[in-house]
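Hi,

Here is the structure for your set-up work. My notes follow below it.

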Amino acid sequence: MSLFKARDWWSAVLGEGEEFDQGCLCVGDVDNSGSGYDKVVVGSYMGMLRIFAPHASKPGEQTIADAQLLEVQLRDPIIQVEVGKFVSCSELLHLAVLHPRKLSVYAVSGTAGNVEHGDQYQLRLVYEHNLQRTACNMTYGPFGGVTGHHFICIQSMDGMLMFFEQESYAFGRFLPGFLLPGPLCYCARTDSFITVSSARQVECYRYETLAVATDADTRHDSEQQSKSSGKRLAAEWLLVLGEQALDICVPSASPMASSIFVLGERNLFCLRDSGQIRFMKKLEYNPSCFLPYASVSEGTTNVLLGNHNNMLLVYQDTTLKWAAQLSCVPVAVRVANFPELKGLVVTLSSEGHLQCSYMGTDPSFFTAPKVEAREVNYDEVDAEMKALHKVIREATKNQDIIPKAEAEDDLTVTAIVSSSLDDVSQALIPEMNDMAVPSVKVKIKVSCRSALQSPKLSVCVQPPLAVTQDQFVLDSLGSGSQVVVAFSAFLNGHYTPADLTGDIAVSYSSPTGVPRVAQCKFVLPLRLVCCPTSASKNSKYKITVDTNKPPVNLNEVFPEFVAKAEDKEGNALAFQFIAGSRVTVLASKTSQRYRIQSESFEDIWLVAKELVQRFDRHFAKLGVKDFRNSFSGPIPLAEYFETVDHHFELRVNAQKYQDLLSERAVQFRAIQRRLLTRFKDKTPAPLQNLDTLMEGTYRQVIALADAAEENRACLVQAFSRLRSATHLLILLVSLWQGLGAEQTAILEATLLPLLQDTPQLGWEESVDAAVSHLLRTCLSRSPKDQAISLSTTQLSMPKDTSRLKKHITLLCDRIGKGGRLSLSSEANAPTPVMLPAACETMPEPIAEQEEEDPALQLEATAKFIKKKQPSKKVKSKTGIPCWSIWFYSPPSWPDWA
């Protein structure tokens, strides 16, 4: 904000609901009074033409009616007004008014009044030109070096320059390479026209070149004639700006000879007549208008520049000399001379605020009061400093970017999932695999402490889950009010989801105007995606979960799946996924183990997660505090890598389809060009089977597009299965090593960095970079091997998955040896684990050897997967028995249900 304000000398508000722009303001002695003082002419897009003769206002005096000389309602919108010598056989000034399809030239005359009401002014039409094209803007000047007269040049919306020699139409020329119209200005020194094209470059065309160029009625005729005969229109010089221009001005005062000013969106340019840059000023705001004028200093230029911050700035070349605050954003600025004061700044806003002001200040009589001196209590200052240091230390402990929520938010969101399925399913797909697809209702309660205006609620679930409505616009809430919205969730794809959780986000603005978002999560029931079925005894994939408490009845843990359970003792329970395979849970009758088996590896995830969570809740309800789930191994990396390879294969196929589709599209366009050339040729020629080749190429493009779309759908399903398998791997590793919540979150962020695949960034390269970072930092073999800085290598799709599988294998090995996952620099040193010499461990590939033979890497991976330690005690050299820390191979268990 400026320290100074523009001094208001005279102002007026023009009409209501009218719009004004850059060309709607001009100043001059339009009535030819001979006094040398200017009148202000204003036109609006509503067709209103007004002429003012401002004068200084006195306190309590209504000056708007006295200052307004004329107000006329014209039929068409007014685009631009100019004052000049536009009538032949007369050197008087006339008013040119540009309409979208018409150019009118008026004479303004005043008649002296004999009564107190003052003079009377009239507007008389001298001549007009009906335009064949829609006008954009105009400029005027002594084209061709004529004296005593002004010609007019109008730029149309389609790029034609139309020249009028007063009452007659001279000629029209199309600008080459035209797309959108830009500002236009005439330079009398070089007799040329300067504009800025849509290519963001300044172009200069000499009037002589425009006059002798080939005439054309349409752009097509202009292009054809320039190729066949006649002089082709070419620019005198070009200068690339790199941004769109708002206005161009060529001052005519002698101190500013050879200067062309161009106002860009972010810069102010001053050019020579030859197109060279004299100077350039980078602007730190959005400009709205400008006006160069003569400077009292020799060799310099003053520029008045308005911006969208209601500021009027005065520059002398590139130096800011003054800044004044305006009451509105100016879209046009002029300098005028009035009887009481010369050199007033006239500004016009888009809403019609017309203001005549000058630069000045009011003296301030304020004096700062004296500050009472007081003695400093050093003990109090020391105590305050210690308290501040304590606050700073507490604040720097947590480097969270997201601020913490306040104790009491303005709005709270609560999600309630129905305990039973809907009686009438809302699913879009009623049946899958001869099973009905159910839906479940979710209610969202939104409560607020203060009044809020139209908060917006969004629901997000992971595919293939879907909801009946995912966007809600709530009514305005009063203080202490509550609103409830409901929707149903269901399965909407032929594959099993990787996550049953959903997110609710409510966006609103606080009473102080700060945008905020309130969030909450909800968990959909397992019953939504599967149903009870009969148990299977043999399956391809099996995992075993150990507990430290006696086995429990599975019917008590899963009461909603008891309806079709054949085993009444609760030792076996089966789940049939609606869009997947069957998963069976078997409880050992004599031990504390539970086996989960299925024909699909990734389908085990949801059941295993639900089993572990329900065990925790079950024993917590019984008051058992030392209950613990565990996993003895081995980690099923071979099965997990099969899912990884399948996903990567689909990504490779997608890239191949994209390349083939690009090649066929290039071929298709080349054939089209050949055929178009044949059809345009005046001499008929045989097609040489180009039509047959085009039809065959078209069929190939359609077939490739269909195959790419089918592969994309398969890739979405494969990524969902990969997420499920990764979630299962994280669960097994955390149970295997007893990882805490913080370490599990780090592992999940490492192996699941993406919610969806994109062509630019895929899961494989993201996980490989994250795992490699952990192996170089907190899981490095020694503190001296830790990486000091992060890798800045650009991620790209790998050639194969061997490196990724090697790093994941090494990650599991380091965690199994006692490595601690942490993001803080203090905890990067791994925890040493003492291993007896007789205890055999996994052969560890070296992460730093990037050039290692892939065959050796796969061999090391295979050893790690297939390696099993004996389940008996091993004597070390010291005679102390030790247990194998890696994998436990259970004997055959005849007591499984």
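Pro 292 stands opposite Val 303 in β24. β23 and β24 (residues 301-307) pair in the antiparallel sense, over seven bridges. Two strands pair if DSSP finds at least two bridges between them. Strands (E, at least two residues) and helices (H or I, at least four) are DSSP runs, numbered from the N terminus.

This is a predicted model: local features need pLDDT of at least 70, side-chain atom pairs count only at pLDDT 80 or more, and totals for chains, interfaces and linings use all residues. Residues are numbered from 1 along each chain as its sequence is written, and side-chain values use heavy atoms, with hydrogens and water left out.

The open sheet has five strands in the order β1-β26-β25-β24-β23, with mixed pairing. Its edge strands are β1 (4-5) and β23 (287-294), and each pairs on one side only.

Next, the surface. Asp 379, Glu 380, Asp 382 and Glu 384 gather in a patch of negative charge. Patch residues have over 30% relative accessible area and no salt bridge, with like charges joined within 9 Å. A salt bridge is a side-chain nitrogen of Lys or Arg within 4 Å of a carboxyl oxygen of Asp or Glu. Asp 382 is found in helix α4 (residues 378-397). Asp 382 counts as partly exposed because its relative accessibility is 41%; buried means under 20%, exposed over 50%, partly exposed in between (1.4 Å probe, protein chains only).

Last, Asp 800. This residue lies in the loop between α10 (763-776) and α11 (802-816). At 43% relative accessibility, Asp 800 is also partly exposed.

Best wishes

Terms used. Patch = residues over 30% accessible without salt bridge, like charges linked within 9 Å, V, L, I, M, F, W, Y side chains within 5 Å. Areas by Shrake-Rupley, 256 points an atom, 1.4 Å probe, with all protein chains shown as cover. Lys, Arg positive; Asp, Glu negative; His and termini not counted. Charge placed at Lys NZ, Arg CZ, Asp CG, Glu CD.
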